[in-house]
Each structure stands twice: as structure tokens, then as C-alpha cells.
Amino acid sequence: MRDRLWPIWLWLAAMLACALFAVRAHYRTDMGDFLPKAHSLGQTALEAQVNGGGAAKLLLVSIDGASAPALEALNKTLASRLRKAPEFAAVLNGDDTSLAQTQAFVWKNRYLLSPGTTAQAFSVAGLHQALKNGLALLGSDLGGVAAQTLPADPTDAALGLAQSLGGTASGPQTENGVWMSPSGHATLLLLRTQAPGFDLDAQQRAQAVLTRDFSAARLAMPGAAAARLRMTGPGVFAVQTRDVTKRDVTRLSLLASAGAVLFLLLAYRSPLAIGLGLLPVASGALAGIAAVSLVFGFVHAITLGFGVTLIGEALDYSVYLLTQTRQEGGARATMARIWPTLRLGALTSIAGFAAMLGSSFTGFAQLGVFSMAGLATAVGVTRFVLPRLVPDGFFARGAAGIGWPLRWVQRRQRTMQFFLAGVASLALLALGLHGGGMWQTDLLSLSPLPPATQALDKALRAQLGIIPPHDFLAWREGSEQQALAVSEALEPVLAKLTTQGALNGFSLPSQILPSRATQQARRAALPDDAALRARFSKALSGLPFQADAFAPFFQDVAAARTGPLLTPASLPPPMALKLQSMLTHTDKGWVVLAPLGTVKAPTAVRAALPPGVVLVSLNRQSALLLRLFEHEAEALAICGSLAILVILAVFLRTWRKVARVALPLGAAVLVAAAALTLGGGKLSIFMVAGFLLIVAVGSNYCLFFAGQGEDGPARERAFASIMLANLCTVAAYGVLSLSVIPVLHDIGETVALGTFLCLLYGAAFAAPAEPRNP
Amino acid sequence: MRAKSLVICGLILLSAQTAPNFTLPGLMAQLAQVNSASASFTQTKTMAMLTTPLRSSGTLSYEAPDYVRKTTLAPERQDFVLQGNTVTLTMNGQTKRFTLSQAPQLAGLVEGVRATLAGDLPELQRYYDTSLSGGPVHWQLLLRPHDASLAKMLAWMNLTGSGDKITEIDSADAKGDETKMLVNETILHAR
């Protein structure tokens with residue numbers, strides 16, 4: 001008795017240890033952790049922008065569905081409510097007060113901010129020229145406006161700033177102190193959350209506050225009952241993605257499990273057997289989590305969700321054992337019989353998944369470790385634990401006739417071989433002619449959000465004038481001040497490129513916040529009061545100005561000479577927002593990502609840049625990532641197939657036997673790939689993992705088919721087990737293909753179709769011919 | 001000839017004193033009949049911060065319903081074009097384009113002139129208190145802005161006209177700087 005039970009104790013102890021690991025593991029959800037590690041500065045900059053940057057904190061809001069006055073009032077009420085909420089760091093809606101705040105800030109600090117604050121500008125000649133320009137302006141149609149500012153700002157420091165701060169982006173229209181969409185049907189708000197973009201719980205809370213405050217404002221507003229709030233932004237996307245994923249995963253995994261369990265119930269007619277049948281998968285999942293956590297230090301959420309579907313094969317192990325157990329034989333005798341085949345099947349799968357270990361996509365390497373550890377554990381549990389737990393006299397009562405479709409195929413083996421070989425040749429031909437373009441090139445298409453949501457985001461970004469530019473300049477420095485100094489050095493370079501037409505405008509962080517050194521130099525360029533007055537009276541000679549008209553100018557210059565220098569904290573919200581979107585502090589230093597207008601001559605721009613500053617094109621970065629992924633997908637497929645062939649060759653010894661297993665598999669994969677791409681579909685990286693799973697599952701079918709002899713009842717049981725295994729797989733993965741999440745949909749579709757084809761090709765080619773008289 | 005002049009003088013005197021049928025809606029309706037108009041102008045700006053007035057001259061044109069162009073020819077070439085909601089300003093070889101909603105104060109200013117030209121009374125009264133004096137042959141329309149920030153730029157505007165022609169536009173800002181523009185309409189097409 002004792003010697004029968006020790007594997008069970010060992011298993012329980014191991015599972016307890018794994019469970020402890022699983023509970024203590026770190027789980028991460030950042031997409032960045034799933035993607036390849038960044039190497040270039042451009043990638044680092046983009047990653048910083050995605051993960052920690054100010055851009056990730058933006059919420060874009062539109063309100064529509066009511067009359068223009070109601071929408072304007074609603075917008076103002078909502079904004080004032082949100083300004084009191086601690087969840088939001090900035091609330092912009094184009095209102096006069098926040099605009100006035102920014103204007104007042106720029107006006108007050110114009111001498112620190114303006115590149116025109118030089119010693120030359122404050123010399124007699126410089127002042128005289130400025131006054132002459134001012135006189136011309138007074139006579140112009142803008143004379144009324146100029147007359148307001150000229151007494152305080154004769155050097156016109158503020159007007160130049162208004163132009164450079166405008167940058168490449170153009171803001172939305174303002175109607176009655178509220179941003180309005182071009183159509184006039186919606187008012188707009190731009191919010192920045194206090195919490196970082198990756199803190200999804202905090203993002204969700206902020207969105208809830210927004211919705212709540214909107215409902216309250218709408219309720220209090222007559223004639224606004226039909227008004228509608230719509231929001232987008234990275235935080236909204238992330239929260240929606242998480243919700244959709246959670247809902248879909250929960251709902252579909254339950255449904256998929258239910259489908260599989262239904263078939264098992266029909267076959268086993270014993271709840272205990274079903275429970276036992278799930279033990280290998282459950283043990284494998286626990287072991288997988290523990291292994292990934294041990295190797296990588298964290299488990300990615302995608303690894304977890306996706307990994308469990310990858311080791312779905314482990315369910316088949318128990319199916320083979322429980323279905324092939326005969327009434328008179330007992331589970332242990334069955335295991336002794338099928339173990340060589342089962343072992344080889346598990347080994348080929350593990351070898352196939354091992355190919356994923358080499359991937360530079362961290363997520364794929366994790367999936368490799370997860371499925372290898374999971375399958376090894378599952379097959380171990382099936383071999384050593386399960387037979388000891390199956391009650392004596394158990395057999396799958398309902399399984400007897402389940403294999404009939406396979407026998408039907410077998411009876412017509414010649415015809416089926418002819419037909420299926422023809423289909424495979426056609427598939428090969430079609431894929432050959434298809435050439436390139438099979439791969440999914442749009443990384444966005446991996447997002448589970450509906451196209452309408454993405455379109456809304458695009459529209460709101462355009463209306464708010466925060467279209468993400470395609471081209472950036474990127475650089476990295478050890479300190480904020482050094483990063484700003486580089487930005488200042490770039491200002492004349494980019495201005496020249498813009499004049500030459502190589503570039504269509506630019507934004508730089510130093511336009512918003514000059515470095516401390518530059519601010520000090522500008523302050524030093526301002527003469528003291530006595531000197532300024534002396535120079536100014538000389539500069540006035542020959543011009544029709546009243547001498548005492550410029551008292552505000554002398555006051556403001558004197559104040560600027562002694563005022564404090566500007567820091568990021570002293571900027572008003574709209575300017576702080578803009579600075580943060582360009583300048584990000586990462587663990588690798590201060591990274592700047594300065595957006596450019598349309599780059600018409602990239603070569604000229606690159607040639608003009610100082611060392612350390614790179615031109616980053618978003619399109620090019622995505623293209624590089626994509627090429628890497630295609631390369632990896634191909635390597636994965638080739639290495640995985642080779643590993644499986646080697647294992648088969650080692651164990652089966654003769655090429656004839658290897659071919660008997662490998663050829664039907666190859667043909668099934670070929671037909672599946674053709675079926676998935678010929679309809680215009682594209683292969684995603686997740687489908688490649690799906691193909692590995694097809695091969696892993698299908699190789700078991702083929703091995704069991706190939707291993708059958710003349711023994712009629714054994715053969716029938718074996719066929720029944722293969723059929724049942726496939727029914728469960730097709731049911732479970734077929735349900736997954738209903739998911740809106742591309743990962744789940746892709747893997748579900750690929751595996752359901754592929755394993756069914758394996759069954760078909762296996763029955764027609766791998767199994768020996770049906771004996772004439774059974 | 002002499003008799004005719006006397007009659008006109010008499011009419012002017014009469015209309016200045018008593019004009020029972022001369023109302024703002026009536027004048028507006030008359031102005032609304034003008035399809036397009038061209039004029040030359042001379043402008044004198046008297047500013048507190050300057051010791052001498054600034055003079056300029058050029059041409060004006062208007063096309064119903066919403067196109068106004070002011071071209072300054074001396075002392076320097078300058079173009080101010082208002083078309084719909086968009087202002088295009090060309091000076092010193094540079095062109096600036098902005099919408100009236102981006103410059104609400106300027107919007108009040110130009111709408112005062114444009115709404116008068118178009119005979120659009122509701123639009124005019126959206127921005128201004130109006131008071132009309134005189135008669136059909138010599139009238140004066142005084143505009144005072146409702147909005148305080150507009151009033152800083154424009155304390156009042158006084159349009160002088162005869163029939164459906166505008167002959168003078170005078171204005172002043174809050175500090176007392178005054179602009180006087182004499183208008184000589186040359187071509188005029190009525191509906």
C-alpha cells in the first residue's frame with residue numbers, strides 16, 4: 001500500500017510548493033514587458049512615452065447631443081467640478097481663465113522666455129529699431145492691439161513668444177469660452193490625470209469621477225437630458241482592454257470548459273473521472289506559473305491566459321488513459337501499454353515549445369518555459385498519479401462507438417488519401433503563389449478594441465490638435481538641464497531647416513522652459529534701470545513718441561532682473577502638459593521626444609543634427625519591430641519543426657515511421673495555413689504559437705494512429721480516445737475563436753481547424769489500413 | 001442749379017431736425033440692398049503716446065454678405081481681408097490668418113462695420129448699443145459695445161452716412177486714442 005501511494009504524496013507536496021510560488025509571483029500587465037527589450041534610443045524614447053510619459057495621462061473628452069448653449073454650459077460646469085477633483089492634475093476646456101492664466105504667465109516672464117532677450121536688443125541701436133517697428137505697427141490695422149502692449153513691451157518679446165509657443169499643433173476653436181468641434185456639434189475637454197497611465201485602477205477611478213460628475217452636471221441642467229459624454233485616451237483604452245479581456249476570458253473559458261466537459265461526461269458517464277481528467281492540466285498550470293516566476297522573476301498576464309490554452313493538450317493525456325482503459329484491464333495496465341506513445345507525444349510537444357525559449361519577445365520566452373514545465377508536469381501526473389487514483393473497474397461507458405467517423409475514413413483510406421493529398425497539394429500551390437503579405441503588418445490590429453473606438457480617438461485627437469506626430473527628434477541626457485541645453489542648441493538648427501523647407505515646423509521643450517543657464521544669461525542681458533532709461537531716451541530721438549509713455553516697460557524690466565527663475569513646477573497647466581509630453585524622466589536618464597511637423601527631407605534633417613540627437617520615425621520603428629517579429633516567427637516555426645523531427649527520429653528509428661507521423665502533420669498544417677490566409681486573412685504572431693500547438697496535439701494523434709496493430713477492441717478504444725480528445729479540443733478552441741480579443745480569436749481559430757485537419761490526415765495516412773474482417 | 005442746391009440744403013436741414021419715417025430698421029433695410037461697394041479712404045490716428053498723428057490711405061471694398069477688404073497703399077502696403085469668419089492680414093511680406101473666434105475683441109470691432117454694411121441689425125445689436133440721429137441724407141449711427149473687454153479696445157464707433165453710402169467712420173479706445181476715417185464711395189451696386 002505504501003509503495004503505491006508515494007507518488008501521490010510527492011505530487012501533493014510539489015503542487016503545494018508550486019501554489020506558494022504562484023501566490024507570491026509578481027504579475028504584470030504592461031504590453032511593454034511582452035514586447036522585445038528596447039535597444040535603440042528611439043525605442044527607449046517611444047517606450048518611455050508609452051509607459052511613463054505625460055501622453056499616457058491624457059483623457060480626451062467630447063460632449064454632444066444637445067443644443068450649443070446647453071453643451072457650452074455643461075462643459076463649463078463639468079470643468080469646474082473636475083478642477084476640484086484630486087484625480088485630475090489639469091482640466092483644459094479653452095475657458096478664458098485658464099487661457100488668461102497662461103497668457104499672464106507668458107507676459108510676466110516674457111524676458112526669461114524670449115530668445116530675443118539679448119544685450120544687442122537692449123542697446124541704443126536695438127531699442128531704436130524696435131521703436132521704429134512699433135511705430136509702423138501702430139499705424140497698421142493691428143494698431144489698436146499694439147497700442148495696448150507697446151508701452152510695456154516695446155521690444156515685442158511677447159508677440160514672438162505667442163508664435164513659437166503655438167508650435168506645430170493648432171488648437172481647437174473656442175466658442176463662448178469653450179472648445180468646440182469644427183462641426184459645432186460637440187464641446188471638448190482635455191484632462192490630465194494625477195496618476196500615471198499604467199496605474200489602471202487609478203485611471204479607472206478617474207474615469208468614474210468624470211462620468212459621475214458629468215451625470216450630476218447633466219441632471220442639474222435643463223434641456224441637456226440627451227447630452228452624451230464620450231472619452232478616449234491611452235488610459236481609457238487600457239481600462240477598456242482590461243475589462244473586455246476579463247469579461248471575454250471569464251465567459252469564454254467557462255463556455256470552452258463546459259463544451260469539453262460535456263463531451264467527457266458523455267464518454268465517461270462519471271463525474272469523478274472528469275475531475276481526475278482535469279488533474280494533469282491543473283497541475284501543469286501551477287507548475288508553469290511557478291517555473292516562469294522562478295526563471296523571469298515575474299509572470300505576464302498574457303503568459304498566464306495564453307499559457308493555459310497552450311497546455312490544453314494535457315487534457316488529451318488523461319483522455320487517452322481513461323478512454324483506453326478497458327473494463328477488465330484497469331488503468332495501470334492501460335498506462336503500461338500506452339506510455340511509450342504518450343511519452344513520445346509529450347516529448348515532441350515539449351521540443352516544439354522549446355523553440356520559443358530563444359525568442360527576443362519576453363512574452364514568448366515566458367510562454368516557452370510555461371508550456372514546457374506545464375506539459376512535463378502534466379504527463380508526469382498522468383503517468384504516475386492518475387492510474388493510482390482511477391477506481392478499479394472504471395471504463396468509459398459512452399466511448400465505445402465514438403470512434404466511428406475515424407473508422408469510416410479508414411474504410412475509404414485509398415479514396416481519402418487521394419482526396420486529401422490533392423487538397424494539400426492545392427494548399428501548397430496556393431501558399432507558394434501567395435508570396436509575401438501573409439503577415440499581419442498592423443500592430444494596432446492586435447488591440448481588442450472595436451474600430452469605432454479607435455476612430456473616435458483619432459477624431460478627438462484631430463479636433464483637440466494633439467495628433468501624434470509621425471516624426472520626432474530624440475535624445476537622452478543625464479540631467480534635465482543638459483537635456484534642455486541640447487534643445488536650445490537645436491532651436492536655430494531647426495528654424496533654419498524650416499526656412500529651407502526641409503521641415504514643416506517643430507516643438508522643443510526649451511521653448512516652454514529654457515535651461516537655467518539660458519534664463520540667467522537673459523536676465524543678465526537686461527540693463528539696470530539707470531542704464532536702460534539713458535539708452536531709451538537716446539533711442540527715442542527722431543521718433544514721434546511721448547517720452548513718458550513707456551513707464552510700464554521700465555517697471556517690468558526692473559522686475560524681471562530680480563524675479564525668480566522658472567522651474568517645471570512654476571509652469572501653468574497647459575504649458576506643463578506640453579513640457580511633460582516632450583521631456584520624460586526614465587531610469588536611463590532624461591529622455592526628450594520633440595515632435596516635428598512633416599519632414600520633407602529626412603536626409604537633410606539627419607545631416608544637420610548634432611551627435612546624440614536622432615530622427616525617429618514612428619512608422620519606421622513599427623516596421624523594424626514587425627520585421628523582427630516575422631523573422632522570429634519563421635525561426636520559431638523552423639526550429640520547432642526540426643526539434644520535433646529529431647525527437648521522432650531518435651525514438652521511431654526508421655525514416656518510414658517518422659514519415660508516417662510527420663507527413664500527415666505537415667500536410668494538415670499546410671492546409672490550415674492556406675485556409676487561414678487565402679480568405680484574405682493575415683497570420684499574426686499568435687497564430688504561429690497556434691501552429692506549434694497544432695503540431696504538438698496532432699503529433700499525439702498520429703503517434704496513436706501509427707501505433708495501432710491488429711487487436712480489434714484495443715484499436716477501437718484507441719480510435720475512440722483520439723476522437724474524444726479532438727472533440728474536446730475543437731469544442732474548447734472553437735469557442736475561443738468567438739472572442740473579440742485577437743490573441744484568443746487567433747489561437748482558437750487556428751487550433752480548432754488545425755487539430756481537426758490533423759485528425760483527418762492522421763486517420764487517412766498515419767493509421768495502418770483497416771483489417772479486412774474485424 | 002442754385003435752386004437745386006437750395007432745395008438739397010433745405011432737405012438736409014429738414015431731415016436733421018425732423019425725420020418721422022427715418023428709423024434704424026429702415027436704414028438697415030436700405031443698406032441691405034447694397035450688393036457690393038468700393039471706396040477710397042484716408043485715415044488719421046491720434047494717439048496719446050505719439051506726438052504727431054499717423055496718416056494712411058488706401059481702398060475699401062465690400063461684397064454682400066460677408067466680404068470686407070481694406071487695402072492700405074500708403075505709407076506702407078497692407079491688406080486686411082475679412083471673409084466669413086476668417087481674417088487674413090498681409091503686412092511686411094507676411095500673411096497671418098486667424099478666425100474671429102480666436103480674437104473675440106477684434107471680432108466685435110470688425111462686426112460693427114460689417115453688420116452695418118450688410119444692414120444686419122440683430123448682429124449689430126449683439127455687440128453694441130445703437131443710437132441713430134439725423135435723416136436719410138445725413139445720418140449718424142453711434143455704436144457703444146456691451147462687452148467690457150471690447151470697450152477697452154473700442155469705447156465708441158460713429159458711422160456717418162448719406163442714403164446707402166457711408167462717408168466717415170470715427171472711433172476711439174478707452175485711453176482716448178482716436179481714429180478718423182474719411183470714406184469716398186466710388187462704385188456701388190444695389191440689388
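A residue is called buried here if 20 or more other C-beta atoms lie within 10 Å of its own. By that criterion, 26% of the 191 residues of chain B count as buried. The model is predicted.

**Chain B**

Chain B contains five helices and 11 strands. An open sheet of 11 strands runs in the order S6-S5-S4-S3-S2-S1-S11-S10-S9-S8-S7 (chain B), and its pairing is antiparallel. Strand S6 (94-99) and strand S7 (128-135) of chain B are the edge strands, each of them pairing on one side only. From one strand to the next, the twist averages 15°.

Within this chain, strand S1 (residues 34-46) and strand S2 (residues 54-63) of chain B run antiparallel and are joined by 10 bridges. B:Lys45 has B:Leu54, in S2(B), as its bridge partner. Among the contacts in chain B between residues at least 6 apart in sequence, 46% join residues at least 24 apart.

**A sheet in chain A**

Chain A has an open sheet of four strands in the order S10-S11-S9-S12 (chain A), again with antiparallel pairing. Strand S10 (583-586) and strand S12 (614-617) of chain A each have a single partner strand, so one side of each has no neighbour in the sheet. Neighbouring strands here are turned by 30° against each other on average, direction ignored.

Six bridges connect strand S9 (residues 471-477) of chain A with strand S11 (residues 589-595) of chain A, in the antiparallel sense. In S11(A), A:Pro595 is the bridge partner of A:Phe472. In general, strands of a sheet pair through backbone hydrogen bonds.

**Helix H12 of chain A**

Helix H12 (residues 271-296) of chain A has 26 residues. From its first C-alpha to its last, H12(A) reaches 38 Å, close to the 38 Å expected at 1.5 Å a residue. H12(A) bends by about 30° at A:Leu279, and the proline A:Pro280 follows within four residues. Just after H12(A), A:Gly297 takes a positive phi of about 85°.

| Residue | Helix | C-beta atoms of other residues within 10 Å | C-alpha separation |
|---|---|---|---|
| A:Ala206 | H10 (residues 200-219) of chain A | 27 | 8.8 Å to A:Gln194 |
| A:Arg24 | H1 (residues 2-24) of chain A | 9 | 8.9 Å to A:Ser293 |

A:Ala206 is buried because 27 other C-beta atoms lie within 10 Å. A:Gln194 is 12 residues from A:Ala206 along the chain. Not counting residues up to four places away in sequence, A:Ala206 touches A:Glu87, A:Phe88, A:Thr193 and A:Ala195.

A:Arg24 counts as exposed because it has 9 C-beta neighbours inside 10 Å, and the exposed class takes in residues with 12 or fewer. A:Arg24 and A:Ser293 are 269 residues apart in sequence.

**Contact between the chains**

The contact takes 16 residues from chain A and 21 residues from chain B. On the side of chain A that touches chain B, the elements giving two or more residues are helix H7 (124-139), helix H8 (143-149) and strand S4 (173-175) of chain A. By class, that side of chain A has seven nonpolar, seven polar and two charged residues.

Notes
Residues are numbered from 1 along each chain as its sequence is written. Chains are lettered from A and ligands numbered from 1 in the order in which they are written. This is a predicted model: local features need pLDDT of at least 70, side-chain atom pairs count only at pLDDT 80 or more; totals for chains, interfaces and linings use all residues. Two strands pair if DSSP finds at least two bridges between them. Axes are lines fitted to C-alpha atoms, for helices over the stretch in contact, and angles run from 0 to 180 degrees between N-to-C directions. The expected span of a helix is 1.5 Å times one less than its number of residues. The bend at a residue is the angle between axes fitted to the seven residues ending there and the seven starting there. Two residues are in contact if their C-beta atoms, placed from the backbone, lie within 7 Å. Ala, Val, Leu, Ile, Met, Phe, Trp, Tyr, Cys and Pro count as nonpolar, Asp, Glu, Lys and Arg as charged, and the others, Gly among them, as polar.
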